[in-house]
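Good morning, everyone, and thank you for making time. Please take a moment to look at the model on the screen before I talk you through it.

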Amino acid sequence: MTVKVRADGARRSGKGRSRAALMALSGVLALSAVAACGGHDGGGARGGTTGAQGDFKQAPQSDGPLTIWVDATRLAAAKLYQKTHPTVKLNIVSYDGDADGSHYLQTKVSLFNRTRKGWPDVVFSTQNNETSWAVPAGFTAPLNKGLIAQSALSGWAHGAGDPCTVNGTLYCLRNDLAQTVLWYNDSLMKKWGYQVPATWEDYEALGKKVATEHPGYLVGSAGDNFTPEIYMWASKCGANQITGPKAVTVNTTSANCSRMATLLDTLVKNRTMSKSSVFSSDFDKNQAGKILMLPGPSWFGGALFEGTFKTPKGQVAVAPMPQWSGDPTPTVGNVGGGTWLLSAHSAHLKAATDFLTWVTTANDYQGQVAPGYPAYAPAAKVWLANQASSHYYANDIAAPLQAAAGQVWSGWGYGQFSQESIWAATVTPGMTGGKPIVSLLPAWQKAIVNYARSDGYQVKVGP
Amino acid sequence: MSILTIRGGRAGTHAARRRWWPGRAGHGFVAPYVVLLIAFGVVPTGYAIDFAFTDASGRFAGLSNFTAAAADFRFASAAAHVALYLLFWLVSLVVLVVGLALLLHNLAARGVGKALRFLYYLPGALAGAASVMVWLFMLDPTVSPAGFLLRALGLDTFGQVIAPGHLPFVLTAIAFWTGAGGWIVVMYGALNNISPELMEAARIDGAGPWQIARRVQIPLLRKWIVYMVILAFAVGAQLFVEPQLLSQASNGVAGRDYSLNQLSYDFAFQNNDLGTAAAVSVVLLVVTLAVAVVFVVKSGFFDAG
C-alpha cells in the first residue's frame with residue numbers, strides 16, 4: 001500500500017539521501033540500544049511513527065497537556081471529563097468534526113505528517129470511514145494490541161467496531177450507533193386501524209393503501225443522501241463490500257438491490273415516498289406533518305421528530321425495521337455514528353487512553369448526556385432508560401433499538417469514497433427528474449467503481 | 001568644516017544618487033507590492049509547478065501527473081462544465097455590463113445615476129461566500145422571496161432548481177450578480193472619459209443614442225471590454241466557491257467535483273495526491289495565460305492611444 005505523501009525526509013540529491021539514510025540508521029541504532037536497556041523512553045529515539053499496521057512504536061512519553069479535538073456536540077463530553085478529572089491537563093480544541101465529509105482532519109493530519117508535529121492526541125469524528133485514510137497515513141494507534149483490554153472492548157454492541165477494524169486490528173472506538181428502525185406515528189396508525197408492517201412486502205402494501213385512502217401522507221423519504229444507507233444497506237445490497245484495506249467489490253444490480261429499488265419506485269410513484277430530503281426546508285414546510293412512517297436511524301427520534309419537526313409528545317413510536325419475508329437473518333442499515341481516534345504519535349498514551357475509555361463508556365456522559373445511542377452496550381441501557389423517562393415516545397423504544405443495534409448488516413463497507421455523496425450526485429438528480437431508481441442502478445455502480453478506483457481501490461465488479 | 005560645506009556635500013550626494021537611480025521614490029512605493037507579489041504570487045506558483053512535475057517522493061515525474069489528471073474520470077466533464085459556464089458568463093457579462101453601463105450613462109444626466117451606481121456596486125462588496133449564501137436562499141422555492149418566479153418555471157423544490165442541467169444558468173446568475181456591479185462602475189468611468197465634444201459632434205451629425213453607442217462609445221470602450229474579459233476569464237476558469245457551496249447546501253446533489261478547481265481540491269485533500277492537484281492548477285494557469293495573450297495581441301491592448 002503506498003501513500004502519496006511526500007515524505008519529509010526525502011531529498012532529491014543523492015547526497016541528501018545518504019544523509020537521510022545515515023540518520024535513519026542512527027535512529028534504528030538508538031532505538032535498539034533503548035530496547036536493550038529495558039525500554040526506557042526518551043533517549044533521543046525518534047519514535048512515534050507507524051508504517052504498516054501492527055508495528056506500532058509509541059512516541060517518547062511526556063506529561064504535557066492532552067490535546068483533544070471535538071466537534072461542538074462533543075464539547076460537553078470533554079468539559080465534563082475536565083470537571084470530573086481536575087488533575088488531568090487538557091487542551092480542548094473545537095473543530096467541525098469532519099462533518100459532511102469536510103476532510104478537515106485528513107487535511108490537517110497530512111500537513112502534520114509533513115511537519116512531523118502538531119497531531120492531536122485524541123480526535124472525535126462524525127465520519128465512520130476515517131480509518132480508511134488514517135491507518136495508511138499512520139495517524140491512528142492500534143487499540144486492541146495492548147492499549148485497551150479485550151474484556152473492555154467486548155462491551156461494545158455486535159458489529160460496532162466494524163468501521164474501526166482494518167485487517168483484524170481495531171483503530172478507533174465507536175462513540176454512538178445509528179442503526180435503522182421504523183419510526184411511525186402511533187396515533188395515526190391507531191386512528192386509521194393500520195398494522196405496523198413487519199415485512200417489506202407489508203410495508204409496500206400499506207404504502208399503496210395510504211396512497212388511496214390518505215393521499216398526501218408519507219411512509220418514507222427517498223430524497224435524502226441517506227437513502228442508500230437506510231434502504232439499500234438494510235436490504236443487503238452489496239454496493240461496497242470492502243474486502244481488503246484497498247479492495248472493494250461493487251454489485252448494485254443484484255436482486256437484493258433491485259428488490260428495494262423497485263419498492264422505492266412504486267412508493268415514489270404513488271407519492272407516499274417523498275422525493276425531498278428530510279432536512280430540506282420544503283420537507284419541513286410541506287411534508288413533516290404528514291409522516292405516517294419513516295424508516296431511519298436511531299437519532300431520527302431526538303434530532304428530527306423532537307428537534308426539527310417538533311412533533312408533539314406521545315405520537316412517535318418505534319418498531320423494528322421491516323424485513324424481506326422468508327429471510328431468516330434480520331438486517332438493518334446504519335446512518336452515521338461517530339468514532340474516536342487515538343493518535344499513534346501521542347506523547348501521552350496513558351492519559352489519552354483513559355480519556356478515550358471514559359468518553360466512550362462512562363454513564364456520566366454516554367448514559368446521561370450523549371445525544372446519540374451509545375455504542376457501548378451498558379451505557380446504551382442507561383441511555384434508553386433516560387429516554388423512557390422523558391415520556392416523549394408513544395411506546396417503549398428500548399427493545400427495537402437494542403435489537404437493531406446488533407443487526408447492522410456487516411456487508412456494507414466503510415470505504416474512503418462517500419456513498420452518500422455518490423448517491424446524491426448520481427441517483428438523486430435522476431429520481432428528482434422522474435427516472436425510476438431501478439434504471440439508475442447501473443449508473444450508481446459505475447460511479448462507485450470510478451470513485452473507488454480514483455481513491456486507489458482494486459475494484460471487483462459484480463457478485 | 002563649516003555647516004555650509006556639509007550641506008553642500010549632502011546636496012551633492014542627493015544629486016549623485018538621483019543620477020544613478022532615477023525614479024527611486026517610485027520604486028520605493030512599488031517595492032512592498034513587488035515583495036508581496038513574489039512571496040504570495042510568484043513563489044507559490046513556482047511551488048505548484050514544482051509539485052506538478054514531481055511524484056509523491058519528490059522525484060521528477062515528467063508529465064505523469066498531467067496524464068493522471070487527464071485520465072481521471074472526472075476531468076473531461078469538469079473541463080466541459082467550466083467551458084460551458086465560461087461561455088454563458090462571458091457573453092452575459094459583455095452584453096449586460098456594457099448595456100447597463102451605457103444605460104446608466106444616459107440616465108446620469110437625469111440624476112438617478114448615482115443611486116443606481118451604488119446599487120450595482122453593492123452585491124460586489126459582499127464577500128464571495130456570503131453572497132453565495134444569499135443565493136442559496138434565493139434558489140430555494142420554499143423560502144425565496146422570488147419563490148413565485150421559480151414555481152412559475154415549474155420548480156417546486158431546491159433539488160429541482162439545482163438539477164445538473166440548470167447549473168450553468170444558476171452559476172452564471174450568481175457570478176453575474178456578485179461580480180458584474182464592479183465592472184459596470186468601471187465601464188461607467190470609461191464612458192465618462194469619452195470627450196463630450198465627440199458625442200456632441202456625433203449628435204450634430206444626426207446620430208441617435210443607439211448609433212452613438214454602436215459607432216462611438218463601444219469602439220472606445222473596446223480596451224476596457226478586453227480587460228474585463230481577460231480578468232473575468234481568469235476568475236471564471238477558477239470557478240470554485242459557487243459550486244462548492246451549492247454542493248454542500250444540497251448535501252452533494254450538485255456534485256462535489258463540478259469544476260476543475262474543485263477537482264484539484266479533491267485530488268489534494270480527498271486523495272492526498274498533491275502532484276495531480278498541482279497539475280490541474282498548472283493546466284488552468286497555462287490556458288488562462290494563453291487566452292490572455294491571444295486577447296492582448298488581437299486587441300492591441302498595449303498599443304498607445
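I will begin with how the model should be read, and then turn to its two interfaces.

This is a predicted model, in which local features need pLDDT of at least 70 and side-chain atom pairs count only at pLDDT 80 or more, while totals for chains, interfaces and linings use all residues. Residues are numbered from 1 along each chain as its sequence is written, chains are lettered from A and ligands numbered from 1 in the order in which they are written, and side-chain values use heavy atoms, with hydrogens and water left out.

For the complex, the predictor gives an ipTM of 0.78 and a pTM of 0.82. Chain B has a mean pLDDT of 86, with 91% of its residues at 70 or more; pLDDT is the predictor's confidence in each residue, from 0 to 100. Within chain B, confidence is lowest in helix H1 (residues 3-20), at a mean of 61, and highest in helix H3 (residues 64-71), at 94; helices here are DSSP runs of H or I with at least four residues, numbered from the N terminus. Over residues 1-6 of chain B the pLDDT is below 50. Where pLDDT is low, the predicted coordinates should not be read in detail.

Now, how many residues of chain A are in contact with chain B? There are 30, and they meet 31 residues of chain B, where contact means heavy atoms within 4.5 Å. The area buried between the two chains is about 2800 Å², of which carbon and sulfur atoms give 47%; buried area is the accessible area (1.4 Å probe) that two parts lose on being put together, summed over both. On the side of chain A that touches chain B, the largest share, six residues, comes from H16(A).

Let me turn to chain A by itself, which is divided into domain 1 (2-176 + 336-387) and domain 2 (180-330 + 399-461), with bounds that come from an automatic or database domain assignment. Here 16 residues of domain 1 are in contact with 12 residues of domain 2, and the area buried between these domains is about 1200 Å², with carbon and sulfur atoms giving 58% of it. In domain 1, Asn129(A), Ser132(A) and Tyr373(A) lose the most area to domain 2, together 35% of what that side buries.

Notes: Helix = DSSP H or I, 4+ residues; strand = E, 2+ residues; numbered from the N terminus.
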